[in-house]
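The sequence and structure come first.

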Amino acid sequence: MKTPILEVEDLTLHFGSITAAERETVIVYPGELVGIVGPNGAGKTTFLNLITGYLRPERGTIRFWGQDVVGLSPHQITALGVGRSFQIPQLFLTLTVRENVLVALATREGRWASVRRPLHEPARVQAADEVLLQFGLLAQADRPAGELPEGGRKLLDVAMAFALRPRLLLMDEPTSGVSAREKFQVMDTLVQALREAGITALFVEHDMDVVRRYATRVLVLSNGRILADGAPTEVLEDPEIRLAVTGRR
Amino acid sequence: MNARGGGLGVLLVVALVMAGLVLPRWLVFLLALALAKGVAVLSVVVLMRAGLVSFGQGLFFASAAYAAGFAMRWWGVREALLLVPWSVAVAVGLGALAGLLVARYRDIFFAMLTLALSMVLYGVLIKAYGVTGGSDGIRIPTPTLLGLQLSGDDARLLVYYLAVAATAAAAWAVGRYAAAPAGYLAHAVRDNEVRVAYLGAPVSRIVYAAFLLSSGLAGLGGALTALNVGHVDPGLAYWTTSGELVFIAVLGGTGTVLGPLAGAVVYELIRSYAFKYAPYAWQMLVGAAMLLIILFLPGGLWSPVERVWRRQQA
C-alpha cells in the first residue's frame, strides 16, 4: 500500500461559537486530485489554512509524509513541500510576471537571503520562462503582475506555487473570477501541468462541472464537518449531498 | 530600487576624484558631507524597499559617530581605516539588538518605534555629560589614513577621498543587494508578506536582514560625518536628523541607488545657499524646493534619468 502524502486526523477548530473544523479526518495518497466542495462558510478555506499552518487547530494531527506539521509556520510547511494558491491571487504586483516566478524559484533553491548572484541568473530566467510557457504567460513575462487580467493573475498565482515544485499543492478556487468560457481552459492547463510534474493536489471548487471533470476524488464539507468522501460520480449523485452543497436536489 | 547605472557610477567616482583636485575647499567639504549623508539616505531607501519607513536612523548615525569619538578619546585610535569599520560594527550591533524588536512591526508602528529608540539615545547622549560631553558633544581630532598624518586642507581632502571610496563601496553593495534574491525578497515583502511566507521564506528574517544592512549604512554615514566635521553632538540622534534623511530620500527618489546620493548633494547645496542668503528662512526655502520636486518630479530628482534608462531598455 502506498504511503499517504497527507494524513489529517480529528482536526478541530472553533471561532467562538462557530465550528470551523470538527473532527475532520482525511488521508490523501500521492497522485490524487481531490476536489473540496461545500456551501459558503463550510470551512473549505479554513481546512487549507489549517494544513498550511496559517491557523493552529485546537485538536488533531496533520502529517505530511509522516511528519507532524502542527505548530509549524506557513513558511516552514511550504519549505517541506506543500504549495498553495489563493482564492484572491496573492502576487507581487509591482514586480514583473517573470520576477514573481523568479522570486519563487530563488526561494525554492533556499537562496532567499543570497546576495552572491543576481536574481536574474540566466539559468533561473530560463527555468522561470519554462514555467511561464507551461501556464501560457510567457508573452506577458515583462509586464508588471498588477497589469494582468484576472484569469492571468489566477494562473500566475498557481504558477508561483507550482514553481516551488511542491509534492502537495493546495488550490483555493482556481477558477473563481475566471469567465465561464475560460474555466475549462484554465483547469486543462493546471491539471496537465500537475500531471506532468507528478504533483498531488487538493482544490477547493464551487463549480460542480469542474469537480466532476477533473477531480479523482471529492470531499464534501459542511459546517466544518466532512459529509462525504469518495469518487465524484458517486458522491455528487447523492441527493442529500447535492442539497447540502448546492441547495438543490 | 535597481542596480542599473554601474557605468555611470564609475564615471561619477572619477568625476568626484577630479572634483577633489579642482573645486574650492569649502565645496569639497560640502561634497564630503553630502556623500556621508547620501550613504545614510541609502539606509532609509533599503528599508523603504521592504515597505518600511524609519524615522529613527539617527540612532545608528549618531551611535557610529560617537563610537568613532570614543575610540579616539579613550583609546587614542586615529587611523580612519580602523575607526570607520569599528563605528559601522557598533551601529550594526545596535541594529542587531533593535531589529529583534522593530522587525516585527510595520507601517506607522515601525516608524514610531524607530523614532522612539533614536530619541532614547538622544536623551542618553544629552544626560550622560561625563561620558558624552552632553549637549557640547565630543571633538574629533583629524584622523590618519594608513598612518599618514596630514593637517589643514590636506587632511580634509583625505577625508573627502575616504568618503568618495566609502560611498562608492556602499552604492555598489546596495546595488548588488537590490539585484540579488535578498533585495527582491525585501521588495516582495513590501508587496505581499503572506505570499512570501507561502513561498517558504521567513518574512521576519528578511526584514531583519534589511534592517541590519540599513543600520550599517546609517552607521557608515555617521562615521564619515564625524570624521569630516571633526565634532559630534547629540543632534545627530535627534529626530530632525532622521527626518532629514527621509526628506532627502523622497527628494532624490527611491527607485535607484544613485538617486539618494544625488538627492543628498542637491540638498546640501540648496541648504548651504539658503542658509547663506536667508539665514532665518532657510527651512522655508528647503521646504519650497521640496514642494517643487513633489509637484514636478514626483518620482524624485533622479526619476528623469530612470525614465531615460527605461526607454533605452525598451
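Asp107(B) lies in helix α5 (residues 107-127) of chain B, where helices (H or I, at least four residues) and strands (E, at least two) are DSSP runs, numbered from the N terminus. Asp107(B) has a positive phi of about 55° although it is not a glycine. With 10 C-beta neighbours inside 10 Å, Asp107(B) counts as exposed; a residue is buried if 20 or more other C-beta atoms lie within 10 Å of its own, exposed if 12 or fewer, and partly exposed in between, with C-beta atoms placed from the backbone.

This is a predicted model, in which local features need pLDDT of at least 70 and side-chain atom pairs count only at pLDDT 80 or more, while totals for chains, interfaces and linings use all residues. Residues are numbered from 1 along each chain as its sequence is written, and chains are lettered from A and ligands numbered from 1 in the order in which they are written.

Asn223(A) also has a positive phi, of about 50°, although it is not a glycine. Asn223(A) is in the loop between β9 (217-222) and β10 (225-230) of chain A. It is partly exposed, with 16 other C-beta atoms within 10 Å.

The two chains are set out below.

| Chain | Helices and strands | Box along principal axes | Buried residues |
|---|---|---|---|
| Chain A | nine helices, 10 strands | roughly 55 × 40 × 40 Å | 47% of 249 residues |

Chain A has a radius of gyration of 18 Å, which agrees with the value near 18 Å for a compact globule of 249 residues.

Two residues are in contact if their C-beta atoms, placed from the backbone, lie within 7 Å. Among contacts in chain A between residues at least 6 apart in sequence, 65% join residues at least 24 apart. In chain B, residues 24 or more positions apart account for 80% of the contacts with a separation of 6 or more.

## Contact between the chains

Chain A gives 26 residues to the contact and chain B gives 22 residues. On the side of chain A that touches chain B, the elements that give two or more residues are α2 (74-80) and α3 (97-108) of chain A. The largest share of that side, five residues, comes from α3(A). The residues of the side of chain A that touches chain B divide into 16 nonpolar, six polar and four charged. Here Ala, Val, Leu, Ile, Met, Phe, Trp, Tyr, Cys and Pro count as nonpolar, Asp, Glu, Lys and Arg as charged, and the others, Gly among them, as polar.

## Helix pairs

Within chain A, α3(A) packs against helix α5 (residues 150-163) of chain A at an angle of about 25°, with their axes 8 Å apart. Axes are lines fitted to C-alpha atoms, for helices over the stretch in contact, and angles run from 0 to 180 degrees between N-to-C directions. α3(A) and α5(A) are therefore roughly parallel to each other; angles under 35 degrees count as roughly parallel, over 145 as roughly antiparallel, 65 to 115 as roughly perpendicular and the rest as oblique. The contact is made by Val97(A), Asn100(A), Val101(A), Ala104(A), Leu105(A) and Arg108(A) of α3(A) and by Leu156(A), Ala159(A), Met160(A) and Ala163(A) of α5(A). These residues divide into eight nonpolar, one polar and one charged.

In chain B, helix α3 (residues 58-75) and helix α4 (residues 80-102) pack at an angle of about 135°, with their axes 8 Å apart. That makes α3(B) oblique to α4(B). The residues of the contact of α3(B) with α4(B) divide into 13 nonpolar, three polar and no charged.

## Ala244(A)

Ala244(A) is found in helix α9 (residues 239-246) of chain A. With 19 other C-beta atoms within 10 Å, Ala244(A) is partly exposed. Leaving aside its neighbours within four places in sequence, Ala244(A) is in contact with Pro39(A), Val220(A), Ser222(A) and Leu227(A).

Key:
The radius of gyration is taken over C-alpha atoms; the globule rule is 2.2 Å times the number of residues to the power 0.38.
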